[in-house]
Amino acid sequence: MIWDNHKSKHHRRRLPIEEETANTIRAWLPIRARLDVPAQSARYLFPAVTADHAQAHMSTSNLSKSLRQWVDSIPRLTTDVPGPDGSPLSFDRSLIYPYAFRHSYAQRHADAGVAPDVLRDLMDHRNFSTTMGYYKVSLKRKREAVTTMRMHVVDRSVKPAPITSNTAYEARSVAVPFGNCREPSNVKAGGSACPIRFQCAGCGFYRPDPSYLPDIEEHINSLRADRFTAKAMDADPFAS
Ligand code: SF4
């Protein structure tokens with residue numbers, strides 16, 4: 001689909017759509033052809049409701065009103081969350097409005113594993129931080145990440161130390177720089193009670209996290225650079 005993003009002044013953007021969406025548009029076309037629309041609206045898929053409208057296409061407020069009427073006409077809307085009696089809880093209809101579709105679009109793509117930079121492009125955002133505001137990392141994806149990462153845990157001397165279950169990975173550790181701490185009193189205190197002043201690199205309870213490898217390499221390079229600088233300055237050995 002080709003669309004004009006008037007808000008960002010990006011015109012003729014190409015947006016891939018699913019077959020189901022394409023079929024829905026195809027089904028709409030014959031209905032649209034039978035509508036008696038204002039002359040200035042002839043080229044629009046969704047024309048203005050009357051000729052008095054400032055815009056030739058359907059306005060946002062008309063779209064909102066139509067959507068509200070349709071949603072209100074649905075007899076029962078439920079979530080997939082069971083209530084106290086086991087039957088599904090009702091869905092809050094006020095959460096259905098046109099802009100929410102954009103959030104659903106981002107969430108569905110994120111849940112399907114679409115790469116963040118691709119999603120940013122599809123949403124036509126300049127910054128990834130804007131795209132991130134449109135979706136949450138689902139529990140399922142967090143669980144998958146934990147399942148993968150717990151098998152790659154190593155101890156401080158880089159010997160494999162996989163953790164047996166997701167629960168153990170999450171419950172018996174707290175985050176420290178570049179990894180996790182498994183020292184029980186520090187875990188119990190939520191990471192604020194390290195008995196040896198956070199000297200993690202030399203601690204038996206430290207579990208470096210491989211997902212930090214790029215940051216660790218960057219840190220090592222910066223330490224190396226400091227060392228060479230100290231040597232060039234003829235600093236005492238303890239300084240380098
Ligand atoms: S030094 Fe050891 S006990 Fe302290 S925070 Fe780091 S890993 Fe935990």
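1. Buried denotes a relative accessible area under 20%, exposed one over 50%, and partly exposed the range in between, computed with a 1.4 Å probe on protein chains only. By this scale Y99, at 40%, is partly exposed, whereas Y134, at 13%, is buried.

2. The model is predicted: local features need pLDDT of at least 70, side-chain atom pairs count only at pLDDT 80 or more, and totals for chains, interfaces and linings use all residues. Residues are numbered from 1 along each chain as its sequence is written, and side-chain values use heavy atoms, with hydrogens and water left out.

3. Aromatic pairs number 2, where rings of Phe, Tyr and Trp (its six-membered ring) pair if their centres lie within 6.5 Å, and planes under 30 degrees apart count as stacked, over 60 as edge-to-face and the rest as tilted. W28 and F46 are stacked, at 5.6 Å centre to centre and 20° between the planes. W28 belongs to helix α1 and F46 to the loop between α1 and α2, 18 residues apart; helices are DSSP runs (H or I, at least four residues), numbered from the N terminus. W28 is partly exposed at 24%, as is F46 at 43%.

4. Y99 and Y134 form a tilted pair, with 6.2 Å between centres and 50° between planes. Because Y99 lies in helix α3 (residues 98-111) and Y134 in the loop between α5 (128-132) and α6 (139-150), the pair ties together parts 35 residues apart in sequence.

5. S41 sits in the loop between α1 (19-34) and α2 (60-73) and is buried, with a relative accessible area of 0%. Leaving out residues up to four places away in sequence, S41 touches R32, P47, A48 and A56 (contact: heavy atoms within 4.5 Å).

How values were computed
Helices (H or I, at least four residues) and strands (E, at least two) are DSSP runs, numbered from the N terminus.
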